[in-house]
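Here's a protein model to look over together. Let's ask what its labels rest on.

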Amino acid sequence: MNQRRSRRPAPRPPEGTPAPAELARMARSGLADAARVARWADTELGPGRGSATADGKATLSAATAERAARELGLTPDQVRADWDTARLAGLVEVHGDSARPGWRLRAWDRDDSAVLRGWVALFDAWSLAYPEPDDHEPAAVAEVVSAMPQALSFLQLSAGPVPVEQLLDLLEQRVTELRTARCEIPYGPQPEPPAEPAPADAPLAPLLDWALRALASVGALTYGDGQATLTPLGSWAVWVKLEQICVAAQSPAGNIEQAAEDMLRGCAQLRPNAARAEYRAWLAARPVGSAVTELLGAARGEDALLRGLAFEALRVVGAPAEPDVRAVLDEPTLRPYALLWLAEHDGADPEDAHEVLTREEATWLWVDTAAAVADHGEAPLLVRHLESAVQPTIPMLLDEVRAVGHPRTVQVLVALAAAHPDPALAKAVRRAAFQVHTGGS
């Protein structure tokens, strides 16, 4: 049964946070150079254009970077830096050896939320946006990256300049906590300690300097004169991340720790808005890549209901799921769902998205949805499902359902025959089920 749950009021950002439109203006300004290079690449490197790179791939080779620099009045290094920023912000998406404009570039001038999501994606990738120091162990760099969210939270709560010495103390404490949590306690006889400090014990000040410079390079803070201050965008982004953690901690239906399949089953009886809240909580507690992989794994199972719910959860993921969804187009079981997802992702109205399906794909999806209804719904709902078929008559529907080869065809037709109140129609459906079962015609 559906449960009414108290609705958590929409959280408000800290007092003094600019309005979303102003934040989007700031983000557009900060990413203007990256958007300019992305638009140039969209125009000049698109498929079929004679101006593609020498190797025929829409990637920034040295020749392409030099050409872009000439045409845009930049240096090749500036072009490469702006290109990297565009990739991190989702303005450009790279698939294997080719690149194409990201959906955010298409929406850049008209959709403030797309702009802000792009900037947050860049903010999340701050450690990739600025070259990390060469003379430090990767483990030490990773520790600092893991510890910086606490420093950023402190900056956000301080709402003003914070001395670097204070941030360094906080960073050292957090790194110590991380090492303790890993139980890095020596076991057994130990060799004499080395004369020089181990890399993990090296001073953290240079790594904090790198982290602050990297965050400044993406526009999250200002850094100089021995202090750091979050920008309005940086303060807002930290608040967004803290809110995501709060959402994860308050999973509406308690499925946050479940595997994708169990989480989806737990959402099956929730109303759409409640289910989406549960998906958001579940996703906020996981890296996006592994969450998408897990959802697609659940979609490949035998339960058609979970297949549909998995793609609903992927709609909540949005753009980061696009490459993985596109990659399953060759899987017959997932193809219709993936096509609809991609159509809606590209801006199609959900009511019209079905137009991207062939007649055969639409019929396959009709059978799959009917299987979900037969397994989890009620008989009247299965009867009403007939109205959603693309075929104008029942005989045409039965012919095409038999031809499409869905593995659940027999069970769906038997359930439909048992549920339908019209004896003549029920008889025709039973006959079709028998013919599919026996392989007759």
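Q: What lines the second largest pocket, and which residues lie nearest its centre?
A: In this predicted model, the second largest pocket has 39 lining residues, with Gly308, Glu312, Tyr337, Leu365 and Thr369 nearest its centre. Its volume comes to about 1100 Å³.

Q: Which element gives the largest share of that lining?
A: That's H17, with eight residues. Helices H12, H14, H16 and H18 also give two or more residues each.

Q: What makes up the lining of the second largest pocket by class?
A: There are 23 nonpolar, ten polar and six charged residues.

Q: Why does the second largest pocket lie between domain 3 and domain 4?
A: Domain 3 (257–340) and domain 4 (359–439) both give residues to the lining, so the pocket sits between them.

Q: Why are H17 and H19 called roughly perpendicular?
A: Their packing angle is about 90°, with the axes 9 Å apart. Angles of 65 to 115 degrees count as roughly perpendicular, so H17 and H19 are therefore given that label.

Q: Which residues make the contact between H17 and H19?
A: H17 brings Arg359, Glu360, Thr363, Trp364, Trp366 and Val367, while H19 brings Met396, Leu397, Glu400, Val401 and Val404. By class, that contact has seven nonpolar, one polar and three charged residues.

Notes: Residues numbered from 1 in each chain as written. Predicted model: local features only at pLDDT ≥ 70, side-chain atom pairs only at ≥ 80, totals over all residues. Heavy atoms only, no water. Axes fitted to C-alpha atoms, helices over the stretch in contact; angles between N-to-C directions. Helix = DSSP H or I, 4+ residues; strand = E, 2+ residues; numbered from the N terminus. Parallel < 35°, antiparallel > 145°, perpendicular 65-115°, else oblique. Contact = heavy atoms within 4.5 Å. Nonpolar A, V, L, I, M, F, W, Y, C, P; charged D, E, K, R; others polar. 1 Å grid on protein atoms, 1.4 Å probe; cavity = no way out; pocket = protein on both sides within 12 Å on 5 of 7 lines; lining within 4 Å. Points joined across faces, edges and corners; volume = space filled by probe spheres on them. Domains from an automatic or database assignment.
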